[in-house]
Amino acid sequence: MGAYLDMGHSKIASGSAFVFLFIFANNFVECKISKVSLPKKNYMLLIPGAIYMAQKIMLGGRYTAIAFIIAAIFCFYLLYQYIDNWRCAISFKYLVWVLLLSVLIVVVFWAIKNFIGRDSDAGILEYVSRYLGSSYELFDIYLDDPPAKAYQTFGYLIRSFNKLGWTDIPVRTTHEFRFSDSGVLIGNVYTGLRNYYNDFGMIGVFFMSMLKSMIFTGMYCKI
């Protein structure tokens with residue numbers, strides 16, 4: 001029962017955040033196009049998303065919180081285009097707002113590092129550039145010194161099956177931190193190819209990348 005409750009709590013938190021985000025975005029865009037005021041009670045729909053991001057940040061998942069914000073931007077844009085019959089042109093003002101939001105996300109990403117246990121004295125440019133450029137070096141180090149074997153590509157799905165007692169497969173849902181030869185902490189942000197290579201080898205790198213591309217391209221064309 002504990003496994004069910006633990007798994008359900010996580011799924012409900014993430015699922016409700018995205019569902020209520022979509023409903024709020026739909027209501028907001030409808031009112032915007034119709035040029036009517038959005039009822040204030042609709043802002044209550046943002047609470048699940050705020051709880052979800054706070055939960056992920058307290059668990060050290062800054063990337064998950066950022067991904068949710070990026071998803072929100074695309075959700076608003078695609079709904080606006082869909083409801084307006086794809087006649088909406090991206091204005092310069094909109095691009096400026098997206099740029100400012102991106103800068104704000106980077107600043108917050110750096111500012112909360114100590115709050116989530118990332119002990120670093122690096123300045124914002126050094127800290128962010130380390131994350132952006134370290135993935136290739138980390139992947140190279142991983143190839144020379146891989147950790148104990150565990151599945152990663154479908155880690156969360158397999159972990160759910162393990163909790164239900166259907167399988168007993170070792171999984172890894174987080175990546176280890178690594179240091180350079182000079183002793184500098186590089187981080188734990190690897191390229192997306194790591195999981196594919198770890199689970200399926202070189203053939204899997206090409207196959208999984210192609211499969212993922214086909215799925216997302218098909219979804220985009222369907223939309």
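Tutor: Let us begin with a nonpolar surface patch of about 850 Å², which is made by Ile203, Phe207, Met210, Leu211, Met214, Ile215, Phe216 and Met219. A patch here consists of residues with over 30% relative accessible area and no salt bridge, with like charges joined within 9 Å and nonpolar side chains (Val, Leu, Ile, Met, Phe, Trp, Tyr) within 5 Å; a salt bridge is a side-chain nitrogen of Lys or Arg within 4 Å of a carboxyl oxygen of Asp or Glu. Accessible areas come from the Shrake-Rupley method with a 1.4 Å probe, and for residues only the protein chains shown count as cover.

Leucine 211 is partly exposed, with a relative accessible area of 31%; buried means under 20%, exposed over 50%, and partly exposed in between (1.4 Å probe, protein chains only).

All of this is read from a predicted model, in which local features need pLDDT of at least 70 and side-chain atom pairs count only at pLDDT 80 or more, while totals for chains, interfaces and linings use all residues. Residues are numbered from 1 along each chain as its sequence is written, and side-chain values use heavy atoms, with hydrogens and water left out.

Leaving aside neighbours within four places in sequence, threonine 153 is in contact (heavy atoms within 4.5 Å) with Asn195, Tyr196, Asp199, Phe200 and Met208. In helix α7, residues 155-164, Gly155, Ile158, Ser160 and Leu164 are buried, and α7 is followed by glycine 165, whose phi is positive, near 85°.

As for confidence, pLDDT is the predictor's confidence in each residue, from 0 to 100, and the protein chain averages 83, with 91% of the residues scoring at least 70. Over residues 1-8 the pLDDT is below 50, and this stretch has 6 contacts in the model beyond near neighbours in sequence. Where pLDDT is low, the predicted coordinates should not be read in detail. Among the helices, confidence is lowest in α5 (residues 124-133), at a mean of 72, and highest in α6 (residues 135-144), at 89.

Notes: Helix = DSSP H or I, 4+ residues; strand = E, 2+ residues; numbered from the N terminus.
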